[in-house]
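Open the model in your viewer and keep the selection panel at hand. The stops below go one by one.

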Amino acid sequence: MVQFTTFNDLKRFNTNLQSNSQAILKASRTKSHKDTFLSHSSKDAEYLPGVIKLLENHGASVYCDLGDDRMPETPNPETALIIKNQIKESRKLVVFVTTNSKDSKWVPWELGIGDASLSMSNVALLPAATTSYEQSWAKQEYLGIYRHIVWGKMQGDTRESWLVYNYHDNTATKLSDWLR
């Protein structure tokens, strides 16, 4: 059985960080050689340090656009070019999906760029909600075609771990293996 991530899980991942902004800035300070692009709604900024920590603990080098000094004060076409190029330079795209994602102008666009540039096998959603069984984040039908990062147990394993789960064929890969 797999469980989706909760907001409380993400807050717990962040407990050892000195401040939320430090993790975000660390993740975006160097722009080149980042292998994982993190797509998210700006309304979910408080959870990003936990997401970044989770991914980095499994081997990712995460790019997050918050704190990127190349970004214009107000989003414009230059913003889109920076993001598009950063996605194309990445090997993986992780989309942090919450109920806020449906209102974001950027999340669906970034997902489309990542799908086209990186292929579906290199794209995964990290859904999060108040409870581990809530799926209100999945209102957009197209989200159903991507793999999900979940907490669960692979067949034959005695311990639970973070997995990239394909529910279409009920297979999974350990998150650390997928991020390699």
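Is Trp 109 buried, partly exposed or exposed? Trp 109 counts as partly exposed, because its relative accessibility is 32%. The classes are buried (under 20% relative accessible area), exposed (over 50%) and partly exposed (in between), with a 1.4 Å probe and protein chains only.

Before moving on, some ground rules. This is a predicted model, in which local features need pLDDT of at least 70 and side-chain atom pairs count only at pLDDT 80 or more, while totals for chains, interfaces and linings use all residues. Residues are numbered from 1 along each chain as its sequence is written, and side-chain values use heavy atoms, without hydrogens and water.

**Stop 1: the tryptophan pair**

Helices (H or I, at least four residues) and strands (E, at least two) are DSSP runs, numbered from the N terminus. The whole structure holds four aromatic pairs. Trp 106 and Trp 109 form one that is edge-to-face, with 5.6 Å centre to centre and 85° between the planes. To pair, rings of Phe, Tyr and Trp (its six-membered ring) need centres within 6.5 Å; planes under 30 degrees apart count as stacked, over 60 as edge-to-face and the rest as tilted.

**Stop 2: the largest pocket**

Keep Trp 106 and select Ser 42, Asp 65, Leu 66 and Pro 75. Of the 22 lining residues, these five are the closest to the centre of the largest pocket. Its volume is about 400 Å³. A pocket is an open set of points on a 1 Å grid over the protein atoms alone, where a 1.4 Å probe fits, with protein on both sides within 12 Å along at least five of seven lines; lining residues have an atom within 4 Å of a point. Strand S3 (36-39) gives the most to this lining, three residues. The lining divides into eight nonpolar, eight polar and six charged residues.

**Stop 3**

Now select residues 48-57. This is helix H3, where eight of the 10 residues are buried. Just after H3, Gly 59 has a positive phi of about 105°.

Which residues touch the most other members of the largest nonpolar core? Pick Leu 38, Leu 55, Phe 96, Ile 149 and Leu 175, out of 23 core residues. H3 provides the largest share of this core, five residues. A nonpolar core is a set of buried Ala, Val, Leu, Ile, Met, Phe, Trp, Tyr and Cys residues joined through side-chain atoms within 4.5 Å.

Centre on Leu 175. Beyond its neighbours within four places in sequence, Leu 175 contacts (heavy atoms within 4.5 Å) Leu 54, Leu 55, His 58, Ile 149, Trp 162, Leu 163 and Val 164. A second, separate core of 17 residues includes Leu 93, Val 95, Leu 118 and Val 123.

**Stop 4: the second largest pocket**

Select Lys 153, Met 154, Gln 155, Asn 170 and Ala 172. Among 10 lining residues, they lie nearest the centre of the second largest pocket. That pocket holds about 210 Å³ of space. Gln 155 is in the loop between strand S7 (147-152) and S8. Gln 155 is exposed, because its relative accessibility is 84%. From Gln 155 to Ala 172 is 9.2 Å, C-alpha to C-alpha, across 17 residues in sequence.

**Last stop: Glu 89**

Finish on Glu 89, in helix H4. Glu 89 is exposed, with a relative accessible area of 52%. Glu 89 and His 33 are 7.7 Å apart, C-alpha to C-alpha, and 56 residues apart in sequence.

How values were computed. Grid points are joined across faces, edges and corners, and a volume is the space filled by probe spheres set on the points. Ala, Val, Leu, Ile, Met, Phe, Trp, Tyr, Cys and Pro count as nonpolar, Asp, Glu, Lys and Arg as charged, and the others, Gly among them, as polar.
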